[in-house]
4 protein chains.
Amino acid sequence: MAASESLRVGIVGAAGYTGAELLRLIHGHPRLELTYVAARERAGQKLDQAVPSTAGVAGLGDLVLEAFDAARAADLRARCEVLFLGLPHEASAGAAEALLAAGLVVVDLSAAFRMTEAQSYEPWYGHRHATTLAKQAVYGLPELHREELAGARLIATPGCHVTSALLPLAPLLRRGVAGALVEHDGIVIDTKTGVSGAGRSPSASKPYSETAEGTRPYKVAGTHRHTPEIEQELSRAAGVPVRVLLTPHLIPMTRGLLATCYARARTGTTVEACREAARSFYREGLVTILDEGQLPDTLFVRGSARAHVAYALDGRTGFVLAMCAIDNLARGASGQAIQALNVSMGWPDGIGLPQIGLFP
Amino acid sequence: MAASESLRVGIVGAAGYTGAELLRLIHGHPRLELTYVAARERAGQKLDQAVPSTAGVAGLGDLVLEAFDAARAADLRARCEVLFLGLPHEASAGAAEALLAAGLVVVDLSAAFRMTEAQSYEPWYGHRHATTLAKQAVYGLPELHREELAGARLIATPGCHVTSALLPLAPLLRRGVAGALVEHDGIVIDTKTGVSGAGRSPSASKPYSETAEGTRPYKVAGTHRHTPEIEQELSRAAGVPVRVLLTPHLIPMTRGLLATCYARARTGTTVEACREAARSFYREGLVTILDEGQLPDTLFVRGSARAHVAYALDGRTGFVLAMCAIDNLARGASGQAIQALNVSMGWPDGIGLPQIGLFP
Amino acid sequence: MAASESLRVGIVGAAGYTGAELLRLIHGHPRLELTYVAARERAGQKLDQAVPSTAGVAGLGDLVLEAFDAARAADLRARCEVLFLGLPHEASAGAAEALLAAGLVVVDLSAAFRMTEAQSYEPWYGHRHATTLAKQAVYGLPELHREELAGARLIATPGCHVTSALLPLAPLLRRGVAGALVEHDGIVIDTKTGVSGAGRSPSASKPYSETAEGTRPYKVAGTHRHTPEIEQELSRAAGVPVRVLLTPHLIPMTRGLLATCYARARTGTTVEACREAARSFYREGLVTILDEGQLPDTLFVRGSARAHVAYALDGRTGFVLAMCAIDNLARGASGQAIQALNVSMGWPDGIGLPQIGLFP
Amino acid sequence: MAASESLRVGIVGAAGYTGAELLRLIHGHPRLELTYVAARERAGQKLDQAVPSTAGVAGLGDLVLEAFDAARAADLRARCEVLFLGLPHEASAGAAEALLAAGLVVVDLSAAFRMTEAQSYEPWYGHRHATTLAKQAVYGLPELHREELAGARLIATPGCHVTSALLPLAPLLRRGVAGALVEHDGIVIDTKTGVSGAGRSPSASKPYSETAEGTRPYKVAGTHRHTPEIEQELSRAAGVPVRVLLTPHLIPMTRGLLATCYARARTGTTVEACREAARSFYREGLVTILDEGQLPDTLFVRGSARAHVAYALDGRTGFVLAMCAIDNLARGASGQAIQALNVSMGWPDGIGLPQIGLFP
């Protein structure tokens, strides 16, 4: 590839888990060049102190983490064309405006721009919604928003629970009330997530001794922030309001997110029809629809940007099971951010992204 | 306790996971004395070769595993009063008759005697149901079958998925169609189980490298054998037929079973009513109803015979969440077998059983 | 047991990992009655909030954690006879004097009283050594200090790395320079420890995502505080100065400590002689010397107060391998504290202590 | 890269752990094209059945595993230029001759060709050594055998324990008896390995329930087969016979190998001199010498082909600690095989190899 085709990119929050995964993925991407890394608490450290997996890697381990300052957006623009922005939700809303004004493309990893409506955001996040900017943002799930992503300047990377629920459910609901394969209400989404999703900060991270051998629900009864985001995107896909109950569970593993979704089948729905709808829906993108007899397993997507989706139908009770396994970092956050950038640039979805996970 | 009050017990299948847990629990039980251990493939080995955790424990590590032979039931009767029987389902059915005839009390750990009806058993297990014996057996969940257990000669220990589903759901359904707190159909049971539940045999056990970092569903769409057992027992409790969809998931942990059950709330049902119903239901036994704000976690029952149960209600979608965490061995199999024996003897449920788990 | 034979005990630091293990062990101990629990940051909480494994356990979950105040030692004395003291090293030194003066027996879990000499303590811990009290304290490793423990009023519970190194090495060194089986210098101790040893405080505990799949040395080249403690105790056992190199490693597991010790064999030493020396040394106590062909495994001591010890000899290089597996909580800290108390009371070492671990 | 520069490669043993890692690495390699996959027990299966992480990956998941037959070497040669040979040791010796004769380059993953002398092989492997072929083979550790690898036709990929010991020790010993930094005898190598090293076969793999929470030595007292291989290669590097004691330990993790090596420092040796010797030794290749204050951790090399090496010196006892962390698959087996092929082709060591691991 000619040098002119390569993009210079920076990462704000490079010492966190999402940032470290971006480091790995960008390092393997043939068209991205990393020119700037920033972190809050570890500013001033060499990258290999903050993220020891970079030690000795030419052009990476010796980078120094800088303190990010949105007021110096013009300087940043001179150093890179794209910024992956991993800030707290409220800080992201503040910073993005200046960055966009300076001509940077912003791939935001927070929730700041995911919701289009303030009333779906403010009660869950407890601060003002950046509605104007949010309306300009493109929701960064390429399989659902491919056209809008072309040339996007502000990309809102989806939540990881949301991704794991949308990918298997959207194809079943997309034809609206009349043509959907499942009922659009009473959908139960039971997710099982590895603990890296909570991030690296000491307050968020769970100690090993209280994580291993422990499986537990949290934020039950619809109190998880990803609920309105799932409903927004499923409703968009369905064309009618969709209502879900999300119950996340914390699982003793580092990476991985499995969603088991229960929806009532409409009359005549078969499991083949579900699989066919998904195959047709995902002709492009990084989603594998598993064959009959195969079931998703977070083990098989670890380190990969591909999602594995499968369906089953229980004739006795009339439920469709829509299941999906992703790596919450390699796909759910960092990988998807790069996939969305790829698509926004007109590149293939998977360029520079690992599509075959570590096994074992 | 006077010597005359103690029971001599034996274990068939002492080298398996359920058997090893029985060894641990019986060793700590003040009224049980272990006098006989048998195993199939490891017959002839010293116990501390087969189960190295017994090495050096007086009266335990030096026992020799014998080959079990039901034809010598009378000899066995001379050595113990009670036999914990951990055989394959079909073998159990064959052996129990001879053992009972010789005057032994049999606590069976297989599925052979759990189902009262052949049509709920044969399609799932693929061999003839021992219907006559099964009708004499008492289902060994003391919290649901306390009266029948008194003096029982043949106890059918419940399946572990079943226990985790029955304990939180039974109190909500018990008053029948008219008085139940939730609807009796369309119940979704999403279980997350540690891998020790599959047992120690090489064919059943999962290699570490393909278990760690992997969460996956299995036997989906109502194909798990515990489905009819759950329906039998919930229907008994409810007084009307109950239908459920069970979706088990394998989790990267050794012990533990968490059930997240979704049932549609009846009009007027509150979460306090659910909690109150369960508190009242479990005045006796080894079930803790967690307070508001507490959620079950397999970490907190590891090594313990107590079950932790909690409830939540999602007003938006109308679902009651009924959740339960157990240790699949310390409660789900071995612990429950001893609890049932305790109750059958007129002893307190928890005698000799650990009620506070290892933390961490 | 008559009520008069039972001891009332309290725990300071009941919400930490060592404290939680004490809760479990005391609850199963037939001669100890828990009457007082204290914690620093969680003072005021119900015990089942701080340690949810106690939820619903009669007489335990509803206890309220108090704020410990050594100045009120007399009040404490009215409530219990023995106090397990889990305070920071420096705080322990301060508190113990008042508690002893009030007539309490103190089983101290810190390092404050383990070292008899200030010069072996102060450089490592950075504050003044309580030399006077330390000289009255008995080092709480019953297998090495059985006689001194009789009637002890102040017991200094050993460090967990120390225990895992002393148990296999002491029998090889005990006869002094002339009769020892191995050379007394150049001993390499390579320990592998689960992460619960660092305790529950957020600053000490390691996040799951950075622990799983990671094995790493720490405090290398003799910089770990347990080095002088090991040398003190081995020198006592040997009767001559012993010098060791301790290299601890952090392993992705919650509990367990394995020590692999390398010592140069003296001429004529055989592995049988090592095993025989250990068997003879450990006629009393809670140490199992494994048979030929068996090797220690932390899996087989998890939850148990027994230590597993094994020996091997490499003829080619002349090294004796002395290996030991313990549970760092059930034996290394909490279990050993109770064992020492048992011995100080004239009770059998193992009363109330689990001697067969959880398998699996 | 022009098509003419790309190599067509095949994998024998593609369904095993080493093979699956080769699939991942080859898929990301810009100059290798996978044209043939074979497996023994899974022959006939689609690759995504045997290795589900390949599902949906274009050109990979739909490949069919073939049965390997060395007699058809000429056919194979028409389909690929290079064969990665993952057969049992004895089978490899038999097959390689035919493959080489047909003009294939063989990168062998077994031990068949690692030892140059029959007497270092036959007692450990129990069958005849293929001495003639072995003398033609190049030992595939590029950092030690760079020149010999140029144009090699038969490459013997090193054992993983061996790699982890050679990389930190070779620079300290290379100057021979006169100039070495450490003594060449009495070297203790204490390795800690993840369980994937034993392979995928049911007989070799350890069940999760008996691996998690367990750390244990195995093949102690110099009985591990990698002992003569380490001695051969260290002796080559040192120019004098080197003797070591290897004690491997099994750690509850899937990937990763940490070697902690203890060697007696020669007079005047400093830790800086050790680090400097290694930096100079590893000017080329994929080895990072960690800075002072950094210690190796398998977590930070997971999925990466880089090795992390560090040194420490204990002045009190005179030991040098030489430590090394690798991923036993991404570096120890599969990654190193590709690195050696890269070097044999005159390509940079790291082309197509991930050099930054997954964190977390």
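What rotation and what shift along its axis superpose chain C on chain B? The figure legends below start from that relation.

The model is predicted: local features need pLDDT of at least 70, side-chain atom pairs count only at pLDDT 80 or more, and totals for chains, interfaces and linings use all residues. Residues are numbered from 1 along each chain as its sequence is written, while chains are lettered from A and ligands numbered from 1 in the order in which they are written.

**View 1. Chain C and chain B are related by a rotation of 180°.** The shift along the axis is 0.0 Å, and the superposition has an RMSD of 0.0 Å. This is the relation of a two-fold axis. Copies are superposed by least squares on the C-alpha atoms of residues with pLDDT of at least 70 in both.

**View 2. Chain C and chain B meet through a contact with 32 residues from chain C and 32 residues from chain B.** Two residues are in contact if their C-beta atoms, placed from the backbone, lie within 7 Å. On the side of chain C that touches chain B, the largest share comes from helix α1 (residues 17-27) of chain C, with five residues. Helices (H or I, at least four residues) and strands (E, at least two) are DSSP runs, numbered from the N terminus. By class, that side of chain C divides into 15 nonpolar, 14 polar and three charged residues. Ala, Val, Leu, Ile, Met, Phe, Trp, Tyr, Cys and Pro count as nonpolar, Asp, Glu, Lys and Arg as charged, and the others, Gly among them, as polar. Of the interface residues of chain C, 100% are also interface residues in chain B, so the copies meet through the same surface.

**View 3. Chain A is superposed on chain B by a rotation of 180° with 0.0 Å of shift along the axis.** The RMSD is 0.0 Å. In chain A, the C-alpha nearest the axis belongs to A:Pro252, 3.3 Å from it. The same surface serves both copies, as 100% of the contact residues of chain A recur in chain B.

**View 4. In the contact of chain A with chain B, 43 residues of chain A touch 43 residues of chain B.** Strands that each supply at least two residues of the chain A side are β7 (187-193), β8 (216-217), β9 (244-250), β10 (257-264), β12 (307-314) and β13 (319-326) of chain A. The residues on this side of chain A comprise 20 nonpolar, twelve polar and eleven charged.

**View 5. Chain A has twelve helices and 13 strands.** Along the principal axes, its C-alpha atoms fill a box of roughly 60 × 45 × 45 Å. For 360 residues, a compact globule would have a radius of gyration near 21 Å; chain A has 20 Å, which agrees. The radius of gyration is taken over C-alpha atoms, and the globule rule is 2.2 Å times the number of residues to the power 0.38.

**View 6. Chain A is assigned domain 1 (3-157 + 333-344) and domain 2 (161-326).** Domain bounds come from an automatic or database domain assignment. Taken over C-alpha atoms, the centres of domain 1 and domain 2 of chain A are separated by 25 Å. Their contact takes 18 residues from domain 1 and 19 residues from domain 2. On the domain 1 side, the elements giving two or more residues are α5 (122-125), α7 (142-149) and α12 (334-344) of chain A. The largest share of that side, four residues, comes from α7(A). The domain 1 side divides into nine nonpolar, six polar and three charged residues.

**View 7. Helices α7(A) and α12(A) cross at roughly 35°.** Their axes come within 9 Å. Axes are lines fitted to C-alpha atoms, for helices over the stretch in contact, and angles run from 0 to 180 degrees between N-to-C directions. The crossing of α7(A) and α12(A) is right-handed. A crossing is left-handed if the near helix is turned anticlockwise from the far one by less than a right angle, and right-handed if clockwise. From α7(A), the contact uses A:Pro142, A:Arg146 and A:Leu149, and from α12(A), A:Gln339, A:Ala340, A:Val343 and A:Ser344.

**View 8. A cis peptide bond joins C:Phe359 and C:Pro360.** Its omega is about -5°. C:Pro360 is placed in the segment after α12 (334-344) of chain C.
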